[in-house]
Amino acid sequence: VIIRAFMIVSLGAVATVPTLALAKTPTSTAESLPVIALPEAVRLALSDHPFVKLRSAQVCQSVHRLGLTRAESLPQISGSVSGTRTLFDHFSTKKNGETNRAELRGATASEQNVYDIDVSLTKTVWDWHSSDNKIKTNQLEYDAKRIELQLTVSEQLSEIIAQSLQLDAWEKQIALHNAALADIAPHIEAIEAQGNAGLIRFIDVRQAKLSVLDAEINLKEAESARDRIIKILDSSYRLLPADARSLLLQYLSIRPIEVDRVGAELTEAVRAIDLKIRQSQFQQDVIKSERLPRVSFVLDTKIFDLADYEDEFEVTGKLDVRMPLYDGGSNKARLAEASWRRQELDEEKRRKIRDINTQYSQINHREKTLTALLDDLAIRRTSQEQRIISQQALLNKADISRLEMAQAVIALADTKAQEITTNSQIEELRIKSLYLSDNLVPLLRLSVGERTC
């Protein structure tokens, strides 16, 4: 029995579940993009993540439930062997004054050992499509579980990329702060020398040291944040910084600037709920059919006395009609439960659509705010760079103090650090948009292959 061309379930066959592999067929989102290979460590991190393993186990369960339901809908053949063996006996030699020759001679070996064979074939003739509805129910369950697995993989992949992006941003800020400290070091040394010589006020020397201290604090904070991200990557995904950098470079090389967002009703998360709603409807149909008569055909074959086989057998056929007359109200209660389950899923679908639209709106608002902030930072950075150039010229003529020059360099480094952070936040919003619109996994050509359950 072939399921979606991904999975084979049959008697004696091996069930398979999705695992991570590169897609062979490009999607519409990435049709013109080059094929890339994700780092092996990233694929292993996704496959071994607890949430992905949980979803994989649920897919395995749905696979075997589907196989079981299909097997139960086929004709059932059963057999049995029954027999008797005489352990000991006693015969009277006289009956009514006459000798009984049969009792006198005793029983033969074949008469002492009697074995019969029964073979029965049962086939459901009519069950109001209950078997078909059960198969459809389990098929929809499998489809929904598979989508949930893909969504979990996409969610964890987006988290890894976001952490990699933060790691890159903090490393850039560390390099920036180190460069700023190196640039102001000659000015600070000169200020301290002037202070020791009594050429400038002590308060100016103190202010210069405070400026250096602020820059060092910014450096330490960036290093601490970088170390925290490295620990998260290691503890949650067992990834090294080199793996995260490689993934980020590949992502940035192909990610679109503008994300084509799909409607909330068309997302995979909502489609999974739609499948569950259809599954609930089929479950109600199965429960309703259990109150109706069911017709089965039974073919029984019995072979008598196998030890002394003399072509003694019989074949009987019968139609078995069964119908529950009273079940204490259990069927009605199960039907009510299924009905409430349907209402729960309908509400869950509305909530999911509302949540996705809300997140889209929040992303739009946040993106506009960050873009405006980035424009302001770019203007401020340009102004500060021009100011430093002019101050450098004045410094050569001794028309400006070294303290002002050092403060200008530190202010420029702070502005550039804010730009790096803002750019990183904008990129994180793009990653979230790709995830919500189901474009992240297709973009990286990551698809679902097969793995033995």
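Me: Which element gives the most to the lining of the second largest pocket?
Reply: This is a predicted model, in which local features need pLDDT of at least 70 and side-chain atom pairs pLDDT 80 or more, while totals for chains, interfaces and linings use all residues. Residues are numbered from 1 along each chain as its sequence is written, and side-chain values use heavy atoms, without hydrogens and water. The lining has 21 residues, and the elements giving two or more of them include helix H2 (50–73), helix H5 (130–196) and helix H9 (330–396). With six residues, the most is given by H9.

(Pocket: an open set of points on a 1 Å grid over the protein atoms alone, where a 1.4 Å probe fits, with protein on both sides within 12 Å along at least five of seven lines; lining residues have an atom within 4 Å of a point. Helices are DSSP runs of H or I, at least four residues, numbered from the N terminus.)

Me: Is Asn-138 buried or exposed?
Reply: Asn-138 lies in helix H5. Buried means under 20% relative accessible area and exposed over 50% (1.4 Å probe, protein chains only). Because its relative accessibility is 11%, Asn-138 counts as buried.

Me: With which side chain does the side chain of Asn-138 make a polar contact?
Reply: Beyond four places in sequence, Asn-138 is in contact (heavy atoms within 4.5 Å) with Arg-65, Leu-66 and Thr-69. A polar contact is a pair of N or O atoms within 3.5 Å, one able to donate a hydrogen and the other to accept it. At 2.3 Å, the partner is Thr-69.
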